[in-house]
Amino acid sequence: MWKKILSLLLVLALALALCPAGALAAETSLPDALAKTQAYLKNVAEASAPEVGSTYGEWLVLGLARNGLMDADFLEDYYDNVVSYVESKIDANGRLHKNKSTDNSRVILALAALGKDVTDVGGHDLLQGLTDTSYVPKQGINGPVWALIALDCGNYAIPENADPSKQVTREWLIDYILDSELNGGGWTIGTQADDMTPMAVQALAPYYNTNSQVKAAVDRALPVMDAMQATASSETLAQIMVARCALGLDCQTVFEKMMAYALPDGSFKHTMDGSGDQMATEQAFYAMVAYSRMLNGKTRLYDMTDVLQQQYAVTLDDRTGGAATVTGISSGQYAGETSFTVSCDEACAVAYSTDGGKTYTRLAATAVRGSYRFTVNMTANTTIVIVKKGDANLNGSVANQDATIIKAANLQKRSLTPLEQVGADVNGNGSVNNQDVTKLKAALLQRVTLGWDTSN
Ligand SMILES: [Ca+2]
Ligand SMILES: [Ca+2]
């Protein structure tokens, strides 16, 4: 109680010293405000680890992670809480809630911000819950808006829906949002433009420069958001800040307005005559993070590819002893959907593994005059391996020894590792048997030429 009165007196003294009223808030710099609110939220999270929920959960974690705090113990505790939550809630369609697809989207955003694999959360793929056009908009425009933000945050490929006629695509989500626009611009979950307006702009921002309908709708929303500011809560101002920053527009004016809701302890009020509010504080914080990221040339608040690039880097493992030249992909780059070309002076096979080498999938190539082109979509840690066809012991050369090894394997006198099987499958039909020995021997006697694995 005394502490509260003392802090109130302190605020009063500062306010009197820095008249006129409001000047205190407006003069707080972004770095100072960020540091103060981060300290406040970190204390909250340290007192009790965040859990899945619309407060004390994903938004808290996302804000801290996007401001660079990635290694606190409570973040690992949060991840454990998410895994337990997912295991207890998720249904056969990958949905965390029977009506609200935003639950999947919100958790995806927080996990992506932490660099976690959203396609394997305790063995569940959270993207799967966002694939059905009859489910995603069940709660209204909120669903498609946050589904698009979540799918784009890691540039994720959308998994297949069981019913192809209900397959969610990015185009479908964009069209849904565009079709929901209010007359005169903006979006709502009620009857007039509300926080859905800046949220829809956040979702559409990545398409602003490439889709003229998106650009027109966003341009209509900008004056709507300006008009909203006069009567906005701190949360609405926070959403407008995130939307403007996503478009690379000035956020200083909105930031200064939002700072009028800041309290000396780093928390934020929801309304001017209210008291510190957790939801308002979390939103104000990530809005400031969005602004700070823009000023520092970092990716958008909801563009987590900067984190995922490090987490889901490709490893390129060339076992051809220098015979292969690879272009379009290199070790350490973010996978996603990637096309690359391999030129090899002998017949080679290209395979990839996403489970640390336990299994390999062979990639079919499209021939491009002397080199071969591959396209693969990778969402988790992926190793791409290039081996010479017939090189069963993976030493970079194809010799009689390899034929002997394959023969021994066929007689079950020797086992082949999954990667050795890629080299040993000389005819590329997916299995290793005597045909491969015969073909390899013929090739060694130069009676046949080994071919590439091609798609035709
Ligand atoms: Ca060999
Ligand atoms: Ca074979």
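**Helices in a predicted model**

The axes of helix 3 (residues 30-47) and helix 4 (residues 58-66) come within 11 Å of each other and cross at roughly 130 degrees, axes being lines fitted to C-alpha atoms, for helices over the stretch in contact, with angles running from 0 to 180 degrees between N-to-C directions. Helix 3 is therefore oblique to helix 4, since angles under 35 degrees count as roughly parallel, over 145 as roughly antiparallel, 65 to 115 as roughly perpendicular and the rest as oblique. Gln38, Leu41, Lys42 and Ala45 of helix 3 make the contact with Leu60, Gly63 and Leu64 of helix 4 (contact: C-beta atoms, placed from the backbone, within 7 Å).

This is a predicted model, in which local features need pLDDT of at least 70 and side-chain atom pairs count only at pLDDT 80 or more, while totals for chains, interfaces and linings use all residues. Residues are numbered from 1 along each chain as its sequence is written, and helices (DSSP runs of H or I, at least four residues) from the N terminus.

The protein averages a pLDDT of 90, and 90% of the residues score at least 70, where pLDDT is the predictor's confidence in each residue, from 0 to 100. Over residues 14-26, however, pLDDT stays under 50. Where pLDDT is low, the predicted coordinates should not be read in detail.

Further along, helix 11 is mostly covered, with 13 of its 13 residues buried (20 or more other C-beta atoms within 10 Å of the residue's own, C-beta atoms being placed from the backbone), and just after this helix glycine 248 takes a positive phi of about 75 degrees. In helix 17 (residues 434-444), the residues Asp436, Val437, Lys439 and Leu440 are buried, and the buried residues of helix 17 pack against helix 15 (400-410) and helix 16 (418-424).

Key
Chains are lettered from A and ligands numbered from 1 in the order in which they are written. A residue is buried if 20 or more other C-beta atoms lie within 10 Å of its own, exposed if 12 or fewer, and partly exposed in between; C-beta atoms are placed from the backbone. Helices (H or I, at least four residues) and strands (E, at least two) are DSSP runs, numbered from the N terminus. Two residues are in contact if their C-beta atoms, placed from the backbone, lie within 7 Å.
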